[in-house]
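Subject: Structure handover

Hello,

Here is the structure for your files. My notes on what turned up follow below it.

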Amino acid sequence: MILLDISFTDIFNPAFYLEHGGLWLLLFIVFAETGLMIGFFLPGDSLLFIAGVYSNKLINAVIPGGLGSDFYNLLLLIILITSAGIAGNVVGYWFGKKSGTYLFNKKDTLIFKKRYLLEAKDFYDKYGAQTIVIARFLPIIRTFAPIVAGIVNMNKPKFIVYNVIGCLGWVICMTMAGHYLERFFLLQYDYDIKDHLEIIVLGLIIVTSIPFAWKYLKEKCKGKAKP
């Protein structure tokens, strides 16, 4: 039996998952992020971005020679990831519907933090069904949003529509950004972003963390403003 030498930082490194698990691990992570409620700490956005960069490699690994062109390889990757994301949200919705308010009374565990569920609930109360679309672009919120939708018994057909739209938008934006930015810099500037992915990942983490940092600062300011 071969054991991987995994460090703590590897858990947050999207390239690590693609290198050691390839396409199948990528699809499982996208599904697990919402379907199994254990992926809130995983680098979802940066993982999809890097998947776009390595789209040909990922598809060629399961279909020798790929589909004959970069575009078709990328299209197949988008279809597969989107399917995994949609399925994950459906499972999350089902779990929320079955659990009812149980999760709001559940104590924190290693993989469950009630404050994340409450944040998703606040977000849903503010944006309604649109949360299912918006949440795809927000770490942590996207993990718990479908669960909240199930708990509040959101109309199922409406949930499915918003689920498909949100997942398609998220996957297309992130994978195409990775794929075409890599090609653009390589062709225009002879600069391979594969050699500097850690900087890009750091930038994506910072950008996706801005909404939470902004919310935290607003709450701190409100707290200080109270007499």
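Helix α2 (residues 44–53) is largely enclosed by the rest of the structure, because ten of its ten residues are buried. Buried means under 20% relative accessible area, exposed means over 50%, and partly exposed lies in between (1.4 Å probe, protein chains only). Helices here are DSSP runs of H or I with at least four residues, strands are runs of E with at least two, and both are numbered from the N terminus. The buried set in α2 runs through Gly44, Asp45, Ser46, Leu47, Leu48, Phe49, Ile50, Ala51, Gly52 and Val53.

Helix α8 is mostly covered too, with eleven of its eleven residues buried. They are Ile141, Arg142, Thr143, Phe144, Ala145, Pro146, Ile147, Val148, Ala149, Gly150 and Ile151.

**Ground rules**

This is a predicted model: local features need pLDDT of at least 70, side-chain atom pairs count only at pLDDT 80 or more, and totals for chains, interfaces and linings use all residues. Residues are numbered from 1 along each chain as its sequence is written, and side-chain values use heavy atoms, with hydrogens and water left out.

**Overall picture**

The protein has ten helices and zero strands. Along the sequence the pattern reads α-α-α-α-α-α-α-α-α-α. There are 227 residues, and 41% of them count as buried. The accessible surface is about 12,600 Å², and carbon and sulfur atoms hold 67% of that. Areas come from the Shrake-Rupley method with a 1.4 Å probe; for residues, only the protein chains shown count as cover. Take the contacts between residues at least 6 apart in sequence: 72% of these join residues at least 24 apart. Contact means heavy atoms within 4.5 Å.

How do α6 and α8 pack? Helix α6 (residues 114–127) and helix α8 (residues 141–151) meet at an angle of about 70 degrees, and their axes are 8 Å apart. Axes are lines fitted to C-alpha atoms, for helices over the stretch in contact, and angles run from 0 to 180 degrees between N-to-C directions. That angle makes α6 roughly perpendicular to α8. The cut-offs are under 35 degrees for roughly parallel, over 145 for roughly antiparallel, 65 to 115 for roughly perpendicular, and oblique for the rest. The crossing of α6 past α8 is right-handed, meaning that the near helix is turned clockwise from the far one by less than a right angle.

On the α6 side, the contact uses Tyr116, Leu117, Glu119, Ala120, Lys121, Phe123 and Tyr124. On the α8 side, it uses Ile141, Phe144, Ala145, Ile147, Val148 and Ala149. By type, the contact of α6 with α8 has eleven nonpolar residues, no polar ones and two charged ones. Ala, Val, Leu, Ile, Met, Phe, Trp, Tyr, Cys and Pro count as nonpolar, Asp, Glu, Lys and Arg as charged, and the others, Gly among them, as polar.

Next, α3 and α4. The axes of helix α3 (residues 55–62) and helix α4 (residues 70–99) come within 9 Å and cross at roughly 80 degrees. The two are therefore roughly perpendicular to each other. Ser55, Asn56, Leu58, Ile59 and Asn60 of α3 meet Asp70, Asn73, Leu74, Leu76 and Leu77 of α4. The contact of α3 with α4 divides into five nonpolar, four polar and one charged.

**Single residues**

Ala84 also lies in helix α4. It is buried, with a relative accessible area of 11%. Beyond its neighbours within four places in sequence, Ala84 is in contact with Leu27, Val30 and Phe31. Ala84 and Val30 are 54 residues apart in sequence, but their C-alpha atoms are 6.1 Å apart.

Leu168 is in helix α9 (residues 156–189). At 35% relative accessibility, Leu168 is partly exposed. Its C-alpha is 8.8 Å from that of Gly85, across 83 residues of sequence.

**Positive phi**

Most residues other than glycine have a negative phi. Ile140 is not a glycine, yet its phi is positive, about 70 degrees. Ile140 sits in the loop between α7 (131–134) and α8. Is Ile140 buried or exposed? At 17% relative accessibility, Ile140 counts as buried. After α8 comes Asn153, with a positive phi near 60 degrees. Asp190 has a positive phi near 50 degrees. Asp190 belongs to the loop between α9 and α10 (197–225) and counts as exposed at 67% relative accessibility.

Best wishes
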